Amino acid sequence: EAGRGKMSRQTLRPLAAVLFAILLGRTPAAAQSFTGVDAAIRSGIARGVYPGAVLVIGRRDTILLARGYGRLTWSPSARLADPDSTLWDLASVSKVVGTTAAALVLVDRGRLALDAPLPRYLPRFAGGRKGEVTVRMLLDHTSGLPAYREYFRQAKSREEAESLLYAEPLMRAPGVSAVYSDLNAMLLGLVIEKVSGESLDIFLAREVFAPLGMTQTRYNPSASLRYRVAPTGKWHGRPSAGEVFDRNAAVMGGVSGHAGLFSTGMDLARYAQFWFSGGRLRSGGALVHPATIAAFLQPGAGTGTRLLGWDTPDRKEEPPTAYGTLLSGSAYGHTGWTGTELWLDPANDLFLIFLTNRSYAPRVGRSIRELRAVRAQLADAAVRAAGQPCLAQVAVPC
């Protein structure tokens, strides 16, 4: 009896662990299958590209892997990176997690028209051919606006920055070709505020993040949270955490359409699964209709690799790229200057979230190029490790 009892406990313990993981939505795959993923991320730390990172790999209804690597700074006593608690400055990933999501909701409710001329919402955006620019062109980057302007060098307030943005002349004819631009997202953030009648951060917190259970995602983290924010720079030689790295976003008060969001790996996993689900909520019901999600993932004429808000792999781009070589033609995603990344591949039922603070005191020159190599290696390793989508239903590889 004692022998059978001991054997029973040995048998039940791993089974209990698997059942517990399933209840949490984290179905474990074989540990050895992710060795390539681990190696890719740890190589970035070893080479001095970033001090810490988190990775979440999952499917539409399952988390396959959620893991932290390294620390928030190069100090051996710094806090460990954690997929649940570490807050990362998302940089341009804010465009798809924040601004695109807000536009998605307003379009779905009939309050925002994709093909409406921008002056309908922002009368100050006028002159030349600006009346031809539409909301859709802001999302797919075909507005004709320049890629970037250092407004923070001239503006001392949000109001001054907005005036410079409204006065910015077009560089190309609207709707002809896509050129990625922070200015598009900045204007879109102002459109959302005009239509909703409230600030971008308040609208998103109530209408997007709360329904999706993204309780950690926010602009301008409070001082009480900064101990778990990964710093993205230094101020007077000390790590600076909790203040947006992007200077244009900073002059806008930390809340802008192009940058400013802070989030965790697991919150972004909830966001990825929302897109995979066609707009449904885990609690039941739907935030938006599947047709609206599909419309945002439809490329247009002259948009190149751009969807509405999202980007897609450029097969003509010289490797290495953030998407690697193994993703399907249905993949879409976005990256951020601080070292953040999110991509989804519906055909493979796979998403990946890779968050680093590459902008914090890298120990290697041209760290963005080094990060690109890590991202490419990681993407291919993730596809190989995940295997077939049936991993979402069982606890072992197919």
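V105 is buried, its relative accessible area being 1%; buried means under 20% relative accessible area, exposed over 50%, and partly exposed in between, for a 1.4 Å probe and protein chains only. The residue lies in helix α3. Helices (H or I, at least four residues) and strands (E, at least two) are DSSP runs, numbered from the N terminus.

The structure is a predicted model, in which local features need pLDDT of at least 70 and side-chain atom pairs count only at pLDDT 80 or more, while totals for chains, interfaces and linings use all residues. Residues are numbered from 1 along each chain as its sequence is written, and side-chain values use heavy atoms, with hydrogens and water left out.

**Overall architecture**

The protein has eleven helices and ten strands. Of its 398 residues, 55% are buried. Contact means heavy atoms within 4.5 Å. Among contacts with a separation of 6 or more, 67% are accounted for by residues 24 or more positions apart.

**Nonpolar cores**

In soluble globular proteins, nonpolar side chains tend to be buried together. A nonpolar core is here a set of buried Ala, Val, Leu, Ile, Met, Phe, Trp, Tyr and Cys residues joined through side-chain atoms within 4.5 Å. The largest such core has 78 residues, and V97, Y271 and W275 have the most contacts inside it. Helix α3 gives the most to this core, with nine residues. A second, separate core has 28 residues, including L65, Y323, W343 and A379.

Beyond its neighbours within four places in sequence, Y271 contacts V96, V97, A101, L212, M214, W310 and L342.

**Helix pairs of α3**

Two packed helices are described by the angle between their axes and the distance between the axes. Axes are lines fitted to C-alpha atoms, for helices over the stretch in contact, and angles run from 0 to 180 degrees between N-to-C directions.

| Helix pair | Angle | Axis distance |
|---|---|---|
| α3 (residues 94–108) and α6 (residues 182–196) | about 40° | 10 Å |
| α3 and α7 (residues 200–212) | about 65° | 10 Å |

Angles under 35 degrees count as roughly parallel, over 145 as roughly antiparallel, 65 to 115 as roughly perpendicular and the rest as oblique. Helices α3 and α6 are therefore oblique to each other, and α3 passes α6 in a left-handed crossing. A crossing is left-handed if the near helix is turned anticlockwise from the far one by less than a right angle, and right-handed if clockwise. On the α3 side the contact is formed by K95, T99, A102, A103 and L106, and on the α6 side by D182, A185, L188, G189, I192 and V195. This contact comprises seven nonpolar, two polar and two charged residues. In this classification, Ala, Val, Leu, Ile, Met, Phe, Trp, Tyr, Cys and Pro count as nonpolar, Asp, Glu, Lys and Arg as charged, and the others, Gly among them, as polar.

Helices α3 and α7 are roughly perpendicular to each other, and α3 passes α7 in a left-handed crossing. Here V97, G98, T99, A101, A102, V105 and L106 of α3 meet L200, F203, L204, E207, V208 and F209 of α7. The residues of this contact divide into ten nonpolar, two polar and one charged.

Not counting residues up to four places away in sequence, V105 touches F203, E207, V208, L287 and V288. The C-alpha atoms of V105 and H289 are 9.3 Å apart, although 184 residues separate them along the chain.

L87 lies in the loop between β2 (62–70) and β3 (88–89) and counts as buried, at 0% relative accessibility. Apart from neighbours within four places in sequence, L87 contacts Q216, L225, R228, V229, A230, F262, S263 and T264. The C-alpha atoms of L87 and A230, 143 residues apart along the chain, are separated by 6.1 Å.

**Backbone features in loops**

N220 has a phi near 45°, a positive value in a residue other than glycine. N220 is placed in the loop between β4 (218–219) and β5 (233–235) and is partly exposed, with a relative accessible area of 39%. Phi of A361 is likewise positive in a residue other than glycine, near 40°. A361 belongs to the loop between β10 (350–356) and α11 (367–386) and is partly exposed, with a relative accessible area of 28%.

P319 and P320 are joined by a cis peptide bond, with omega about 0°. P320 is in the loop between α10 (290–296) and β8 (332–336).
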